[in-house]
Amino acid sequence: LKLWIAMVEPQWKWSHIPGGHQEEYVGTLPEPGRGIVVVQSNSPAAFRVVMSVDDKDSRGTGAPVLCFKVGRHQNTSSAVGMGNPFRNKEPLDSTSEADALAPTDGRLRTYWFMYDREVGIAAFGIEQPQAETVRLLIPLEGMRREVFDQIQFVRFASGKQKASVNLLNITEAIDLSVRRFQFDKFVTPVPWHGACIAFQLPEPMRKMFAEIEAEARKTACAPLHAIAKTEHLVLQVLPLLDSISKSSRYTDTTDWAYIYEEIYGRAFAVLSSAPWTFFNLSGETADSCTAYLTVSPGVEGRNAIRAWMRAMEAAVGWSSEASMKERLSITFAYPIYPIVGDRMLEARHELSRKVDSIVRSHAKTLFDLRGPELRTMVTAFESLPYASARRS
């Protein structure tokens, strides 16, 4: 935080732009298509930050500029879009969050505006540039992304009234992803070690998840999520340890092969009954749009599941901190970037409704999951049966 404060120490480069949609050139991004512009304002008047491929005025030219507008529609929303004004008067996304609007109390408010061609993301936020302060984040694909990948020149622009904007800094783009220990900023899984006791999914359940995966990949917010391939999904009824929790039982230098073999040896007594161990489960609901919750329909079934889990925990020598709800849920997607903005949130809500509809259509289906096994993690989604790897 101290480093960031020093980096954006006020330079008092105030731009007082006359009303009437006037513009003023203020600088360039560190490289084409990548950078953050940090500004301050204490005026309730709307203003724009425009990023373009040249330093010419953009108003009314139809030029494909990236335009951020703070305090639009009488200070009821802020937005980002293509063109100045926005093409067809429609932004790519907008927000009505109070702290993302122009200040009305005369106090200085800090805003930041970013484009990163490496990941094709435009973002707008407040205070310190970081994932927690993002108020708009839009994935750009196809022609839109190609157009913006060469933007470099930065201009401030007024609305109908005079705008006062202080340029604090223009600096390099940052990584806004939120699960860096499991996925990189390109939403690609990184190597991930861990062990769990899990059931492979029966074919009827896989067909249901194939429907869910297809819907998830069609949504506008899909590029902001890591979505599992149906073939990689399992029901992890007993998560044991992973790259983060390893240090609670082993040293950092302990080889994973040794850990897996030790767990397998301890669990063998209970796992030897795997061929005649099965869970009879039904779908309960979808948790938001990233996880599917299951439940045992009968009291005795639930009691049997708990007894089996306690026996497995006793065999391996430690208990999982995961709740019963977590153990009987299947996560099929992770948000990798903040889901913010009216359009992205609506896309997420729409996906949640579709997933819930798919789940409800299978509500009366009972799924038989048989043959629990020790599985070792390759990525956050992908795992392998340890017994097979051990034999090979």
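Which residue stands opposite Y115 in β8? In this predicted model, the residue facing Y115 of β8 is G35. The views below start from that pair and then move on to other parts of the chain.

**View 1. Strand β3 pairs with strand β8.** Here we look at β3, residues 34–41, and its neighbour β8, residues 109–116. The two strands run antiparallel and are joined by 8 bridges. G35 and Y115 stand opposite each other. Strand β8 is mostly covered, with 7 of its 8 residues buried.

**View 2. Strands β8 and β9 form a hairpin.** Follow β8 onward and you come to its hairpin with β9, with 4 residues between the two strands. In the turn, look for G120, whose phi is positive at about 65 degrees. Strand β9 covers residues 121–126 and runs antiparallel to β8, with 6 bridges joining them. Within this pairing, F113 is set opposite F124 of β9.

**View 3. Six strands make an open sheet.** The order across this sheet is β2-β11-β4-β5-β6-β7, and the pairing is antiparallel. Strands β2 (23–28) and β7 (93–95) are found at the edges; each has a single partner strand, so one side of each lacks a neighbour in the sheet. From one strand to the next, the twist averages 15 degrees.

View 4. Strand β6, residues 77–82, is joined to β7 by 3 bridges, and the two run antiparallel. A pair to pick out is S78, which stands opposite T95 in β7.

**View 5. Helix α4 crosses helix α8.** The crossing of α4 past α8 is right-handed.

View 6. On the α4 side you will find M208, E211, I212, E215 and A216. They meet L351, K354, V355, I358 and V359 of α8. Taken together, the residues of this contact divide into 7 nonpolar and 3 charged, with no polar ones.

Key:
Residues are numbered from 1 along each chain as its sequence is written. This is a predicted model: local features need pLDDT of at least 70, side-chain atom pairs count only at pLDDT 80 or more; totals for chains, interfaces and linings use all residues. Side-chain values use heavy atoms; hydrogens and water are left out. A crossing is left-handed if the near helix is turned anticlockwise from the far one by less than a right angle, and right-handed if clockwise. Contact means heavy atoms within 4.5 Å. Ala, Val, Leu, Ile, Met, Phe, Trp, Tyr, Cys and Pro count as nonpolar, Asp, Glu, Lys and Arg as charged, and the others, Gly among them, as polar. Buried means under 20% relative accessible area, exposed over 50%, partly exposed in between (1.4 Å probe, protein chains only). Two strands pair if DSSP finds at least two bridges between them. Axes are lines fitted to C-alpha atoms, for helices over the stretch in contact, and angles run from 0 to 180 degrees between N-to-C directions.
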